Amino acid sequence: MRQWMRMLAFAAVAAMLVTPTLAQATRIKDIASVQGVRDNQLIGYGLVVGLAGTGEKNSKFTEQSFRSMLNNFGIKISDSTTLKVKDVAPVAIHATLPPFAKRGQTIDVTVSAIGEATSLRGGTLLQTMLRGIDGNVYAIAQGSLVVGGLGVEGADGSKVTVNTPTVGRIANGALVEREVPTNFQTSDNITFNLDRPDFTSAKNVADAINAMYGDGSAVAEDAVSVRVNAPRNPSKRVEFLSSLENLDVDQGEDKARIVVNSRTGTIVIGSNVKLKPVAVTHGGLTVTVSENPQVSQPNSFSQGQTAVVPNSQINVQQKKGKMFKFDTGATLDDLVRAVNQVGLAPGDLMSVLEALDQAGAIDGELQII
């Protein structure tokens with residue numbers, strides 16, 4: 001436990017050393033993205049064939065999909081015919097279409113079994129349409145799967161599974177067939193959206209752009225968006241955006257915050273957290289209940305019965321709680337030093353932080369996740 005507290009102290013002091021008191025210059029491209037220049041998610045449903053008996057067992061919708069595929073090739077099968085689909089598996093395919101992707105380019109796809117298939121190893125995905133949120137087809141996927149997992153099952157039901165054999169990937173497995181429309185080359189301005197909303201950062205981005213290209217070139221619309229006037233010529237616009245995203249700006253400091261993960265016991269304290277004058281004491285109360293049953297033996301010729309009589313012993317121990325006092329403007333370093341002196345466990349430290357927050361002694365936000 002002492003080692004854990006030493007690690008907490010080291011991490012806290014390291015955070016103070018890394019985080020400067022003044023704002024740190026950062027490129028615009030590292031804290032913001034261009035509005036409209038974004039990825040798009042694609043999804044599709046298809047069939048993986050060529051499995052070595054690790055496909056579906058008796059799935060009706062897999063059989064229906066297999067019939068539809070055969071019908072597309074002009075092969076008619078009566079409804080009374082039962083198809084063996086143990087070498088076929090229905091799968092869901094998803095991919096990410098990057099911005100400005102052109103027709104003929106390729107993207108990676110991930111294939112996941114959605115039925116009773118036990119492994120996709122050695123399978124081949126048949127031609128599958130990948131659709132966007134608008135229902136249009138943007139790519140066509142097909143190819144042999146690369147599966148990193150392995151599953152082996154014995155006749156007695158014992159089995160060994162390594163990683164996940166029901167998920168595979170096809171590198172460059174989909175051809176882009178439709179481009180996503182964008183107004184990047186037609187609008188009169190470009191809008192930067194900050195990754196973390198902050199009024200100070202938005203103002204600093206606008207000020208940095210105006211300082212280089214003149215007043216009125218950029219306007220901070222809110223805590224997220226900064227609108228910038230841009231040239232209409234495509235080549236000039238790309239050059240203009242390249243120079244913009246490499247500008248250094250002073251990013252606003254985040255709000256003073258303490259984040260507590262109640263499940264893992266992880267506690268992260270921001271360097272801007274300060275404490276008001278307060279005195280804290282925390283003691284541990286230990287209650288131990290032990291059972292020492294005794295046997296009650298009746299006297300001879302008393303016609304009694306042997307019985308077990310419970311005998312409970314309760315022991316209460318209370319550790320001496322140490323009190324520590326914080327003066328006005330106490331910092332993260334003061335808090336960590338006091339915690340190390342007391343030697344609190346993670347759960348006890350959470351209780352102290354909650355009590356400090358309820359007492360209004362923390363200049364910042366306590367966030368429990």
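These entries cover the aromatic pairs, the charges over rings and the backbone angles.

I worked from a predicted model, in which local features need pLDDT of at least 70 and side-chain atom pairs count only at pLDDT 80 or more, while totals for chains, interfaces and linings use all residues. Residues are numbered from 1 along each chain as its sequence is written, and side-chain values use heavy atoms, with hydrogens and water left out.

I searched the whole structure for aromatic pairs and found two, where rings of Phe, Tyr and Trp (its six-membered ring) pair if their centres lie within 6.5 Å, and planes under 30 degrees apart count as stacked, over 60 as edge-to-face and the rest as tilted. Phe100 and Phe184 have ring centres 5.5 Å apart and planes at 65°, so I noted them as edge-to-face. Phe100 sits in the loop between β4 and β5 and Phe184 in the loop between β10 and β11, 84 residues apart. I noted Tyr213 and Phe240 as edge-to-face too, with centres 5.0 Å apart and planes at 65°.

For accessibility I took buried as under 20% relative accessible area, exposed as over 50% and partly exposed as in between (1.4 Å probe, protein chains only). Phe184 is buried at 10%, whereas Phe100 is partly exposed at 40%; Phe240 is buried at 13%, whereas Tyr213 is partly exposed at 33%.

I also noted that Arg237 lies over the face of Phe184, 5.9 Å from the ring centre, the criterion being CZ of Arg (or NZ of Lys) within 6 Å of the ring centre and within 35 degrees of the ring normal.

Finally, I read a positive phi near 65° for Phe100, a residue other than glycine.

How values were computed
Helices (H or I, at least four residues) and strands (E, at least two) are DSSP runs, numbered from the N terminus.
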